[in-house]
Amino acid sequence: MAELVAVIASTHHPFYYRASTATGEDRPPFADEWVRKVEAFRETLTKARPDVLVMVGSDHFHQLWLDNMPQFLVGKAPFYDANWYNEEREFGLPRMFFTGQEDLSAYILREGLDAGFDLAFSNELRIDHSITCPIITLRPQNDLPIVPVYTNIFAPPLPQPKRFVQLGRTIRELVESWPADKRVAVIGTGHLSLELGGPRQFGPHGPDPEFDRKAVEWISSGDIEGCLSEVTLDSLHLPGNATHGFMDFMLMMGVAGEGAKADYVDTYDLFHTMEAYFTWYPNGGVA
Amino acid sequence: MSKYLLNKFLFTVDRDPELVERYREDPRGTVEWWEADYANRLLSCHGGEASTWLRFEDAEREALAGHDYPRLFELGAHPFLTLTLFIAMFERDHEPMGFQTEYARRLAHMTMPYPDIAT
């Protein structure tokens, strides 16, 4: 059976690539500390020596559109092109290219359907910054095959928060029952409080530092029950109009498990948003 | 209300570099052309299978023709689509992050709950 060697939850700040590669006058004052934190976070994945990455993210109206909108979608393709014209334009992100792990994609689709998730699939998926950003931060050599999993945190009606947690639990069960001698890491990205296109956007901090504090506590302590008792589709509007991306953190809490304390926690308070980085080692440490 | 069509305009223009420039330079003409020629296109399908029923309401057409992004927010257009396209058109005219902060200031009158964006 495959082994789940790391569970990683992160924000996916699209400006990291530009900030970390800028030099001279173009380099923002917060870049050096940001790079230091990301490189320390990267080490938590490197130490786990994964063979395969399951990448959970959310399409930002790139390939998935309102005429045909899936709630949860698994990519099943031998390769994936990545990043889109408007991400190059706005964030300076590079074009990227990934190899797919089709056997695990097929396994997650078949077994996920049988476990009660009516997963959509795609055989030709161009992925976006919700998945490329964590590759840039955590695995810049981009040398491992991936299984992309997209969630709808963007176009209401959305699935309930508990459904994200349940999907996370199911992904863990499926990874651990996959009959392959592989070391698998599950990496998912979302947001803490975030506002985009509204009056609270691009402030000196995230739009709701108190929500961020509670969110970091829920995640780092594995307090799924406490989180589910306070977070609803309605409540997520309050910290910022793009905060439904927090549900991908909830999905990752489902992967990590109830009460699972994160082995690594770091945050970075930037203008506009709080960065947050979490790693769990499900089997009690890095072998 | 045709929030879906507002979003379809923002979505299809944002992903086409030529349309981004055309909408920046000639918003009313671009909106009129788009509603006549593009609004009913079923994306990824040939023209013979276009839809037949999509049109803007007057307030929506005026908001798009006026580059009136606060009004688009009030009408329930998806804020991410609006923000992304308007950054593409107007960030270049401002100091770094200047357009984004002006955008927030022009929406400062909006209070919770924000307009519903469900389509």
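## Getting to know the model

The buried residues of H7(A) pack against strand S1 (3-11), helix H8 (224-230), helix H9 (246-256), strand S9 (264-270) and strand S10 (273-280) of chain A. Keep in mind that this is a predicted model.

Q: Which residues of H7(A) are buried?
A: A residue counts as buried when 20 or more other C-beta atoms lie within 10 Å of its own. In H7(A), those residues are Phe211(A), Asp212(A), Ala215(A), Trp218(A), Ile219(A) and Ser220(A).

Q: Is Leu42(B) buried, exposed or partly exposed?
A: Leu42(B) sits in the loop between helix H3 (27-37) and helix H4 (58-65) of chain B. A residue is buried at 20 or more other C-beta atoms within 10 Å and exposed at 12 or fewer. Leu42(B) has 13, so it is partly exposed.

Q: Which element gives the most to the side of chain B that touches chain A?
A: Here 29 residues of chain B are in contact with 22 residues of chain A. The elements giving two or more residues to that side of chain B are helix H1 (3-14), helix H6 (79-90) and helix H7 (98-106) of chain B. With 8 residues, the one that gives the most is H6(B).

Note on methods. Residues numbered from 1 in each chain as written. Chains lettered and ligands numbered in written order. Predicted model: local features only at pLDDT ≥ 70, side-chain atom pairs only at ≥ 80, totals over all residues. Helix = DSSP H or I, 4+ residues; strand = E, 2+ residues; numbered from the N terminus. Contact = placed C-beta atoms within 7 Å.
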